[in-house]
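Here is a short tour of one protein chain. Keep the sequence beside you and find each part as it comes up.

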Amino acid sequence: MYKIVKKRELNSTVTMMDIYAPLVAKKAEAGQFIILRVDENGERIPLTVAGFDREAGTVKIIFQIVGGTTMRLNAKKEGEYIQDFVGPLGCATKTDGVKKVCIVGGGVGCAIALPVAQKFKALGCEVHSIIGFRSKDLVILEKEFAECSDKLTIMTDDGSYGRQGVVTVPLKEAIEGGENYDEVIAIGPLVMMKFVVATTRPYGIKTTVSMNPIMIDGTGMCGGCRLTVGGKTKFACVDGPDFDGFEVDFDEAMARSSAYAEFEQGQRSELCNLLNKAVK
Ligand SMILES: Cc1cc2nc3c(=O)[nH]c(=O)nc-3n(C[C@H](O)[C@H](O)[C@H](O)COP(=O)(O)OP(=O)(O)OC[C@H]3O[C@@H](n4cnc5c(N)ncnc54)[C@H](O)[C@@H]3O)c2cc1C
Ligand code: FES
């Protein structure tokens, strides 16, 4: 069992937890993820390592409450325990040869992008971050990004905070304004990553995306997380989650990501009914 040593609400739908998991904390690197089960009957879900403290033995996770398992996880209180916490899984983000990087995060993808930005900063790179949200009340991790970025641009869809518009607008402006990025790293909704790739492709700037398909075992055995990259089948859990954005078949990934939508909606409604009955 793994103790929740700290819990903090980042906004109305995103929660941060520090989990005591010393063996995971000892080996974790930016870009890797864990798979957890909230209780012994729980579904396995992957969440990115959003930070770690090797001395304290804790691993930080930041999750959006989107369905059954994340609702159950969010119902846990500080001091309580979760059943399983396996990791670190997947490959760490590669940093070799990068001196100037632009990190583009969207929504809860910013939680995944933050440790990557922090790692590049710690290695002495020039870090520009562009983070986008639907509106002001959904903005997360602004202070943390400001601390590890030489330049930070915040975008909101409705203009309620930062600049109005999508993340690709300041990205294109920066590239055309002469910022010579060695790499752009995009982490967020599939559609956002697809458009970041469309923005950088004409300039030939290396672009890495972090893919988040359905995962089950997280060890390359089940095939649930398969993607087509450069015309070949890859497993996001062992070959990724980072991939060359120019090579990813985003249309296939988007079609596969909605394959279980009906079932997931059923699970959500069932749990909401249960929680409502419990309150009455
Ligand atoms: C490598 C990786 C890292 C991730 N990191 C984060 C993170 O740091 N923070 C965060 O909020 N979310 C992250 N996700 C997404 C997270 O796993 C899903 O939000 C979570 O599984 C939802 O489960 P649910 O039961 O609450 O919702 P459901 O209603 O079951 O699903 C809601 C949506 O979540 C996705 N999802 C559901 N089950 C899985 C699964 N087993 N594997 C992958 N995706 C699934 C689907 O796109 C689905 O539409 C990550 C996914 C991957 C693959
Ligand atoms: S999650 Fe099963 S192969 Fe990747």
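V101 stands opposite V127 in strand 10. Strand 9 (100–106) and strand 10 pair in the parallel sense, over seven bridges. Two strands count as paired if DSSP finds at least two bridges between them. Helices (H or I, at least four residues) and strands (E, at least two) are DSSP runs, numbered from the N terminus.

This is a predicted model: local features need pLDDT of at least 70, side-chain atom pairs count only at pLDDT 80 or more, and totals for chains, interfaces and linings use all residues. Residues are numbered from 1 along each chain as its sequence is written, while chains are lettered from A and ligands numbered from 1 in the order in which they are written.

## The sheet

Which order do its strands take? The order is 12-11-10-9-13-14-17. This sheet of seven strands is open, and its pairing is mixed. Strand 12 and strand 17 (242–244) are the edge strands, each pairing on one side only.

| Strands | Sense | Bridges |
|---|---|---|
| Strand 9 and strand 10 | parallel | seven |
| Strand 10 and strand 11 | parallel | six |
| Strand 13 and strand 14 | parallel | three |

S129 has L152 in strand 11 as its bridge partner. V184 stands opposite T207 in strand 14.

Is strand 10 largely enclosed or open? Seven of its eight residues are buried, so strand 10 is largely enclosed by the rest of the structure. A residue is buried if 20 or more other C-beta atoms lie within 10 Å of its own, exposed if 12 or fewer, and partly exposed in between; C-beta atoms are placed from the backbone.

## The crossovers

Now follow the chain between strands. Strand 9, helix 3 (residues 109–122) and strand 10 form a right-handed β-α-β unit. From strand 10, the chain crosses through helix 4 (residues 142–148) to strand 11, and this β-α-β crossover is right-handed. Right-handed has a set meaning here: with the strands pointing away from the viewer, the path from the first strand over the helix to the second runs clockwise.

L141 sits in the loop between strand 10 and helix 4. Its phi is near 60°, a positive value in a residue other than glycine. Most residues other than glycine have a negative phi, and most peptide bonds are trans. L141 is also buried, with 22 other C-beta atoms within 10 Å.

## Helix 5

Helix 5 covers residues 168–176, and T168, P170 and L171 are buried in it. Seen down the axis of helix 5, the buried residues fall within an arc of 165°, so they line one face. The arc is that of the directions from the helix axis to the C-beta atoms. On the face turned away from the buried side, helix 5 carries the exposed residues E173 and E176.

What covers the buried residues of helix 5? The cover includes strand 9, strand 10, strand 11 (151–156), strand 12 (163–164) and helix 6 (190–200). Just after helix 5, G178 takes a positive phi of about 105°.

## Two domains

The chain is divided into domain 1 (2–89) and domain 2 (100–210). These bounds come from an automatic or database domain assignment. The C-alpha centres of domain 1 and domain 2 lie 24 Å apart. Their contact takes twelve residues from domain 1 and eleven residues from domain 2. Two residues are in contact if their C-beta atoms, placed from the backbone, lie within 7 Å. Strand 1 (2–11) and strand 6 (58–64) each supply at least two residues of the side of domain 1 that touches domain 2.

A21 lies in the loop between strand 2 (14–20) and helix 1 (22–27). A21 is buried, with 25 other C-beta atoms within 10 Å. Leaving aside its neighbours within four places in sequence, A21 is in contact with Y2, G57, V59 and F85.

## Cis peptide bonds

Finish with two bonds. The peptide bond from G87 to P88 is cis, with omega near 0°. P88 lies in strand 8 (residues 84–89). The bond from G240 to P241 is cis, with omega near 10°. P241 lies in the loop between helix 7 (236–239) and strand 17.
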